[in-house]
Amino acid sequence: MRNRVKQLRKQAGLRQEDLAKELGVSRQTIIAIENDKYNPTLELAMKLARRLDLHVDEIFWLEEEAGARPEMPQA
């Protein structure tokens with residue numbers, strides 16, 4: 001699974017530490033998600049989506065869909 005967490009977090013003006021604290025996880029968890037080293041639980045993915053005011057599928061997508069995934073505009 002791939003994601004846009006780092007891009008979206010930066011656009012929201014959040015530090016990894018701040019996002020982690022809001023979501024009740026460690027900073028290392030946020031780092032691992034951003035680096036595609038960890039797939040979050042459904043609960044954490046939904047909390048991220050809610051915090052970033054997006055749908056889960058606007059943040060996460062399956063690897064095989066990566067080529068067809070449209071780029072999100074930069075803020």
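Of the 75 residues that make up the chain, 32% count as buried. The structure is a predicted model, and the description below follows it from the overall fold to individual side chains. The accessible surface of the chain amounts to about 5100 Å², of which carbon and sulfur atoms supply 49%. Four helices and two strands are present, and their order along the sequence is β-α-α-α-α-β. Among contacts in the chain with a separation of 6 or more, 57% are accounted for by residues 24 or more positions apart.

The packing of two of the helices was examined. Two packed helices are described by the angle between their axes and the distance between the axes. For helix α2 (residues 16–23) and helix α3 (residues 27–34), the axes come within 8 Å and cross at roughly 110 degrees. Because angles of 65 to 115 degrees count as roughly perpendicular, α2 and α3 are therefore assigned to that class. On the α2 side, the contact is made by Q16, E17, L19, A20 and L23, and on the α3 side by R27, I30, I31 and E34. Classified by residue type, this contact of α2 with α3 comprises five nonpolar, one polar and three charged residues.

Attention then turned to R9, a residue of helix α1 (residues 5–11). The relative accessibility of R9 is 6%; since buried means under 20% relative accessible area, R9 counts as buried. The side chain of R9 reaches the backbone oxygen of L14 at a distance of 2.9 Å. When neighbours within four places in sequence are left aside, R9 is in contact with L14, R15, Q16, L19 and E34. Of these contact partners of R9, Q16 and L19 of α2 and E34 of α3 also take part in the contact between those two helices.

T41 has a relative accessibility of 43%. Because this value falls between the limits of 20% for buried and 50% for exposed, T41 counts as partly exposed.

Key
Residues are numbered from 1 along each chain as its sequence is written. This is a predicted model: local features need pLDDT of at least 70, side-chain atom pairs count only at pLDDT 80 or more; totals for chains, interfaces and linings use all residues. Side-chain values use heavy atoms; hydrogens and water are left out. Buried means under 20% relative accessible area, exposed over 50%, partly exposed in between (1.4 Å probe, protein chains only). A polar contact is a pair of N or O atoms within 3.5 Å; within protein, one must be able to donate a hydrogen and the other to accept it, and residues adjacent in sequence count only if both atoms are side-chain atoms. Contact means heavy atoms within 4.5 Å. Axes are lines fitted to C-alpha atoms, for helices over the stretch in contact, and angles run from 0 to 180 degrees between N-to-C directions. Angles under 35 degrees count as roughly parallel, over 145 as roughly antiparallel, 65 to 115 as roughly perpendicular and the rest as oblique. Ala, Val, Leu, Ile, Met, Phe, Trp, Tyr, Cys and Pro count as nonpolar, Asp, Glu, Lys and Arg as charged, and the others, Gly among them, as polar. Accessible areas come from the Shrake-Rupley method with a 1.4 Å probe; for residues, only the protein chains shown count as cover.
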